[in-house]
Amino acid sequence: MKKLFLSISLFLGVFFAQAQRGSWTPDGNGNYTVDKSGIQKTDFKTKQKEVLVPAELLVPKGQEKPLEVKGFSFSDDFSSVLIFTNTKRVWRYETKGDYWHLDLKTKALKQVGKGLPSASLMFAKLSPDAKNVAYVSNNNLYTENLATGKIKQLTFGKGKLISGTFDWVYEEEFDCRDGFRWSPDSKSIAFWEIDANTIRDFYMINTTDSIYSYTIPVEYPKVGESPSACRVGVVGIADGKTVWMKVPGDNRQHYIPRMDWAPSGNQLILQQLNRKQNHSKLFYANAKTGAVTLLYEEQDEAWVDVRTSWAGSQGGWRWLNGNKEFLWITEKDGWNHIYKISNDGKSETLVTVGDFDVISPLAVDEELGYVYYLASPDNATQRYLYRSKLSGGEKAERVTPAILEGTHNYQISPNGKYAVHSFSNYYTAPMNQAITLPDHQAINPAESIVAKFDPSKKKSSNVEFFKVVTKSGVEMDGWMAKPKNFDPSKKYPVLFNVYGEPASQTVTDRFGIGRNGLYEGNMAEDGYIYMSVDNRGTPAPKGRAWRKAIYRNIGIINIQDQAEACMKIIETYPFVDASRIAVHGWSGGGSSTLNLLFKYPDLYQTGIAGAAVANQLTYDNIYQERYMGLPQENLQDFIEGSPLTHAKNLKGNLLYVHGTGDDNVHYQNAEMLVNELIKHNRQFQFMPYPNRNHGVRDRHLTTLFTNFLKTHCPPGAR
């Protein structure tokens with residue numbers, strides 16, 4: 001049985017234990033919570049709560065207070081528990097900290113990794129037999145015998161040779177962090193090794209925290225640069241010897257984004273992508289010899305997505321039918337669908353039938369023969385729970401009640417019998433409940449979302465959804481938030497919120513749309529129309545053709561769609577003031593904002609852009625090459641799509657914002673852009689934020705944003 005590792009977040013009024021692979025008890029009939037009393041288990045069948053780990057057992061010797069539990073995992077026999085605490089952020093997430101082991105029989109609480117640097121341990125996991133714990137410290141893999149406390153180092157990488165975790169770009173673009181897996185027999189560990197020694201460092205400069213400036217190096221492969229070499233090994237716990245998997249191809253021109261032990265226990269299953277990310281292969285790899293066998297492959301003219309993991313899995317696969325088959329997602333027929341594939345890869349069955357996209361897979365109920373997933377066949381702005389027969393060939397069945405229009409998410413138990421359900425829409429604040437499946441009934445009737453839901457609130461909302469068809473024939477979804485006391489006979493300024501790249505949608509039916517977190521005050525009360533539209537290339541559930549139209553077209557087709565939508569909106573709605581059109585966005589949305597302002601200077605008079613990729617050749621290789629190809633082959637596409645190329649066309653009002661400590665979109669983009677604007681004597685406003693990262697959260701920014709917008713795109717009806 002796989003370990004269930006839990007991180008804690010506020011949920012249902014308590015600290016709900018949300019796991020990397022689920023928040024459920026192994027049998028799927030209950031979940032875990034953490035509060036002042038300790039770690040509890042709630043059984044949904046009996047509705048009984050039980051304190052499994054009292055808080056008093058979590059007080060280290062010589063201390064007065066219990067450990068702050070940020071995460072925990074039980075041994076398979078529930079004789080012990082591993083506690084994660086004193087956490088530190090690694091780039092975006094708190095994945096580094098201290099671990100403590102509590103023996104529930106003897107009540108002995110001991111710190112793991114004593115002697116290693118404080119708060120340096122990552123991804124600690126108990127072995128299946130609960131005799132050892134493995135973890136990463138300083139980019140190397142260790143095991144520790146829980147009985148003797150003896151620590152054994154298994155890898156000895158130096159410099160930027162990384163074992164058991166990943167370099168910056170694997171973490172950012174493949175969502176890879178935890179880089180090792182215990183074998184089912186507890187005798188070995190499979191792990192990734194990333195050799196980033198050949199990757200050039202990008203130096204961020206800190207000039208404020210000391211009299212002399214200093215640099216912060218980040219191993220960051222720019223687009224066009226070869227990736228880090230990657231390989232997978234299996235190291236024996238007893239002898240420390242490593243067998244490397246003989247995955248074919250140059251390991252600097254391929255990626256391995258997913259890996260886990262196959263059910264047999266003596267081989268691994270892993271996914272390999274080529275450098276362009278348009279050819280995916282699944283391999284079995286023999287753990288003892290390293291020999292590999294091709295299992296399944298797929299190709300795409302644009303790119304093949306790396307799939308998120310199913311609950312209980314470390315890869316994009318979900319085993320079933322006694323491990324004779326697995327579920328896999330592909331859009332090879334033009335839609336994102338779930339397929340059932342035999343364990344030898346020789347046969348496959350389409351499980352989800354119809355012209356719609358599976359947005360994300362959730363769980364399997366093998367007893368009843370169903371797979372659960374999120375989808376929204378009729379409205380790309382919403383999300384609902386659906387299920388399909390594992391046998392395939394039958395129409396998808398919606399499980400979410402029809403009355404609850406909007407966006408839903410579910411954490412489904414391993415047995416598919418229960419779920420924690422969350423819901424909101426543009427006029428309903430987030431609501432949560434625990435439910436049974438497949439009847440979708442609240443376990444506690446007092447928490448029933450259907451009973452609490454008030455559709456009449458829609459009438460009082462200032463938000464409305466619409467569709468716009470551009471002159472190029474593209475139908476786009478949008479929303480607008482109208483001003484208070486709206487008068488359709490008058491004209492109002494419009495602020496567009498834009499993203500426009502493959503990483504995110506802005507037009508989704510959820511609570512909070514129509515509100516701008518960067519605006520100080522209330523835009524509706526001040527007399528603004530706030531609006532957003534989603535162009536081709538955004539990850540809406542509209543089929544492969546919609547999403548992949550942006551291939552080699554970032555900064556081109558998305559900008560055309562946004563501008564043509566704006567033109568159509570001005571033509572369609574007489575209350576839109578064409579002389580007061582503003583646009584803003586962050587990151588990819590910042591890039592879109594710049595391109596709109598530069599390419600359509602007579603359409604958009606004002607733009608506020610943050611943390612933008614001004615020059616596409618400055619961004620990382622995995623993201624940029626996935627969606628744009630290799631600059632060695634199609635450099636002109638990168639140049640044409642970069643705002644830097646068109647900066648000379650600026651006519652309107654530009655506010656540009658960037659954190660100097662941005663490890664994601666480097667501050668060099670700001671200086672390149674500023675330099676180009678100066679070169680062409682274009683006047684603009686610029687605000688660098690010292691040492692802030694990719695997300696600037698200072699109140700200063702909200703004041704700056706608001707004042708700039710009000711000055712250059714005055715609010716109110718005319």
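Colleague: Is arginine 231 buried, exposed or partly exposed?
Modeller: Arginine 231 is partly exposed, with a relative accessible area of 31%. Buried means under 20% relative accessible area, exposed over 50%, and partly exposed in between (1.4 Å probe, protein chains only). This is a predicted model, in which local features need pLDDT of at least 70 and side-chain atom pairs count only at pLDDT 80 or more, while totals for chains, interfaces and linings use all residues. Residues are numbered from 1 along each chain as its sequence is written, and side-chain values use heavy atoms, with hydrogens and water left out.

Colleague: What does arginine 231 form with glutamate 193?
Modeller: The two form a salt bridge, with their closest N and O atoms 2.8 Å apart. Such a bridge is a side-chain nitrogen of Lys or Arg within 4 Å of a carboxyl oxygen of Asp or Glu.

Colleague: Which strands hold the two residues?
Modeller: Glutamate 193 is in strand 16 and arginine 231 in strand 19, so the pair ties together parts 38 residues apart in sequence. Strands (E, at least two residues) and helices (H or I, at least four) are DSSP runs, numbered from the N terminus.

Colleague: And glutamate 193, buried or exposed?
Modeller: Glutamate 193 counts as buried, at 10% relative accessibility.

Colleague: Changing topic, which residue pairs with lysine 276 in a salt bridge?
Modeller: Glutamate 633 does, at 2.6 Å from N to O. Lysine 276 lies in the loop between strand 22 and strand 23, and glutamate 633 in helix 8, so the pair ties together parts 357 residues apart in sequence.

Colleague: How many salt bridges does the structure hold?
Modeller: The structure holds 34 salt bridges.
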